[in-house]
Amino acid sequence: RGARMLDVLRKLGKVPIVTADVAAFAADDIFCNYICEAVRLAEEGVATPAQIDKVVNDAIGGGGPFNVMDLTRGNLLVAHCQELMRDAPGGSPWFAPPAQLIRQGNAPWHRKGEPAGPEATDAQKATVLDRILAVLLGRTYAVAENGVCDPSDLNWLVRTSLGFNEGLLDFGQKLGADRVAELCLNYRKEFPDFPVPVCVSERKLPSYLRDVLISRDGDIALV
């Protein structure tokens, strides 16, 4: 039945990604934790939503987390996904949704006509970007390491669904294993319940095939 469904989706011009049956699957795991980290930064007074959006969009694209949430009105759905991940096997208190996310309900983070406010300082930019990247990369490598979906599919999926300039596995490779580990391990010092994947802590990032698709039918493979 699953193979038939995938075949129908492909005939409809879709690109189905097969994932394990886990809380938040693949892209939503990464996306929802990304949103929550942005909310934590605003909640802690590190930077405003407008400043966070600009810092993130300038660095990796995607429009910024708060702009995306204003378009989707998905604050409460993100909060529910966080609760599912918190309570799932391997979950931890770190996954709990920030209180501000729940209080916000589906109200917009940006008000039309409201001035953008001052640009973030260099110190604010560094803090925002380091924390956002730690969460994005940490969850991306966790999804890959846990076998939730094929790493090559994951790289394409994240770039396409989240609108980033490039796949996060590509981005991690450019940063290098040492920098990825530094970001994630430094973040865990501040948030001890943050799960750092073994491949990150051991600086052995997973290999994947970029822009290469392999399909198999018995002993025949098509590359």
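Me: How far apart are the mean positions of the positive and negative charges?

Reply: Lys and Arg count as positive, Asp and Glu as negative, while His and the chain ends are not counted. Each charge is placed at NZ of Lys, CZ of Arg, CG of Asp or CD of Glu. Here the 24 positive and 29 negative charges have mean positions 3 Å apart.

Me: What kind of model is this?

Reply: The model is predicted: local features need pLDDT of at least 70 and side-chain atom pairs count only at pLDDT 80 or more, whereas totals for chains, interfaces and linings use all residues. Residues are numbered from 1 along each chain as its sequence is written, and side-chain values use heavy atoms, with hydrogens and water left out.

Me: How many helices and strands does the protein have?

Reply: Helices (H or I, at least four residues) and strands (E, at least two) are DSSP runs, numbered from the N terminus. The protein has eleven helices and two strands. In order from the N terminus, the elements run α-α-α-α-α-α-α-α-α-α-α-β-β.

Me: Why does the radius of gyration agree with a compact globule?

Reply: The radius is taken over C-alpha atoms, and the globule rule is 2.2 Å times the number of residues to the power 0.38. For 223 residues a compact globule would come near 17 Å, and the protein has 18 Å, so the two agree. Along the principal axes, the C-alpha atoms fill a box of roughly 60 × 40 × 35 Å.

Me: How much of the protein is buried?

Reply: Buried means under 20% relative accessible area, exposed over 50%, and partly exposed in between (1.4 Å probe, protein chains only). By that rule 43% of the 223 residues are buried.

Me: Which residues have the most contacts inside the largest nonpolar core?

Reply: A nonpolar core is a set of buried Ala, Val, Leu, Ile, Met, Phe, Trp, Tyr and Cys residues joined through side-chain atoms within 4.5 Å. The largest one has 61 residues, and Val-128 and Val-200 have the most contacts inside it. Contact means heavy atoms within 4.5 Å. Apart from neighbours within four places in sequence, Val-200 touches Tyr-141, Val-180, Ala-181, Cys-184 and Leu-205.

Me: Where does Ala-24 lie?

Reply: Most residues other than glycine have a negative phi. Ala-24 has a positive phi of about 70 degrees; it lies in the loop between helix H1 (2-11) and helix H2 (27-43). Ala-24 is buried, at 9% relative accessible area.
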